[in-house]
Amino acid sequence: MANEAATWIGTALVRGFQQAFGGEPRLFRAPGRVNLIGEHTDYNEGFVLPAALDLAVWTAVVPRVDRRVRVGSLALDATFEFDLDDPSPSAVGNWSDYVRGVAIVLTCSGHRLMGADLMIGGDLPKGAGLSASAALEVSVGYALLAASGLEIDPIALAKACYRAENDFVGARCGIMDQFISCCAVKGSVLLLDCRSLEARPIVIEPSVRLMVCDTMIRHELASSEYNLRRADCERAVTLLSGAMRGVTALRDVTPAELARHAALLPEQTFRRARHVVEENARTLRAASALEAGDVAECGRLMNSSHASLRDDFEVSCPELDVMVELALRLPGVYGCRMMGGGFGGCTINLVQAQTVEHFARTVRDGYKSATGIAPAIFCCIPGAGAGPVYP
Ligand code: GLA
């Protein structure tokens, strides 16, 4: 195992596994993610620019001869079990749904899974908007397939996990989180086309760092508001498709076309759509800017993304805005914005490498004195996608 943290996680996981089930488990991991730009575009079949974190969900696994799946969690000190042949499985509304959903989707799509004992651990914080649920799905999916001796196609696994979350768990997310957790490329962000699932890695140059600032705000309303935003986007597509041929998603609409057809949409629906179509355009420009070495332009586009998420899409919150404003005042910050679904969680900041210590100290102090909350601030080192750790 590569470093101290990994050794620590692996040791704890094997010990936990052996206490619960006994035996010599194999270990798999799937990372969480950051997203440089392209927010609320994935479920509109648009573009995103994510990278994997070096923080991950880990799964220890030993196959069983029967069809039972027994699951334990180190962090939650909880266990549950189910049968792969259960004819009418239903979601219960907690973390077990992610595990079970993946097993069901893989089984329904023709994978002959073996029963298994699983223990879950890792170092990815939950609820921080770093995609812990997608990482849990992918790490479990990887472990179940590998333990059953089945081949693993990372894109097929991402799609299965996406379906598990949409169809079994009931969260109508896009595919960004599952895709990057499966297919990330070390040292790079991926420009992902969420319609074709074509992805192009773009190397992050060593003179910049991706800094993550966690507001520590966790809003219950995030998932209900998320589904409302999706519905707004679908309404916009329905109204626009009457006048524009071939429009099946906001991906098919340019900012100029939207402006031309503005009168078709109620004011709020128009602003939601404007965020998405402009964010798609910004994401493509940011990718080109990074490829051309123009980090400053990428930063400016991130700043516009934040303003659009705050004012048009209305998914920011006061603490995210404070975190962004503090960062923007600092030398060496190219750009920053809220990241993920919104209403709390983290900001992503593109920062000159030699200024990161000053950045972290100043933002931490400023945020603490503005809100009374101590934030978590760390550097994202873009890592590889899901895979085996041991053996
Ligand atoms: C959450 C979802 C993603 C994506 C982002 C917003 O992280 O899981 O699919 O929609 O929000 O960009």
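At what angle do the axes of helix H3 and helix H5 cross? I find roughly 50° between H3 (residues 132–147) and H5 (residues 176–183), with the axes coming within 9 Å. Axes here are lines fitted to C-alpha atoms over the stretch in contact, with angles from 0 to 180 degrees between N-to-C directions. H3 is therefore oblique to H5; oblique is what remains after under 35 degrees (roughly parallel), over 145 (roughly antiparallel) and 65 to 115 (roughly perpendicular). Helices (at least four residues) and strands (at least two) are DSSP runs numbered from the N terminus.

The model is predicted: local features need pLDDT of at least 70, side-chain atom pairs count only at pLDDT 80 or more, and totals for chains, interfaces and linings use all residues. Residues are numbered from 1 along each chain as its sequence is written, and side-chain values use heavy atoms, without hydrogens and water.

Next I listed the residues around the ligand (a heavy atom within 4 Å); among them are Arg33, His40, Tyr43 and Asp177. I looked for polar contacts, pairs of N or O atoms within 3.5 Å. A ligand oxygen is 2.7 Å from a side-chain N or O atom of Glu39. Another entry puts a ligand oxygen 2.9 Å from a polar backbone atom of Gly174.

Then I checked the backbone. His40, in the loop between strand E1 (26–35) and strand E2 (47–48), is not a glycine but has a positive phi of about 60°. Tyr390 and Pro391 are joined by a cis peptide bond, omega about 0°. Pro391 sits in the segment after strand E13 (387–390).

Definitions and conventions. Polar contact = N/O pair within 3.5 Å; in protein donor to acceptor, adjacent residues only side chain to side chain.
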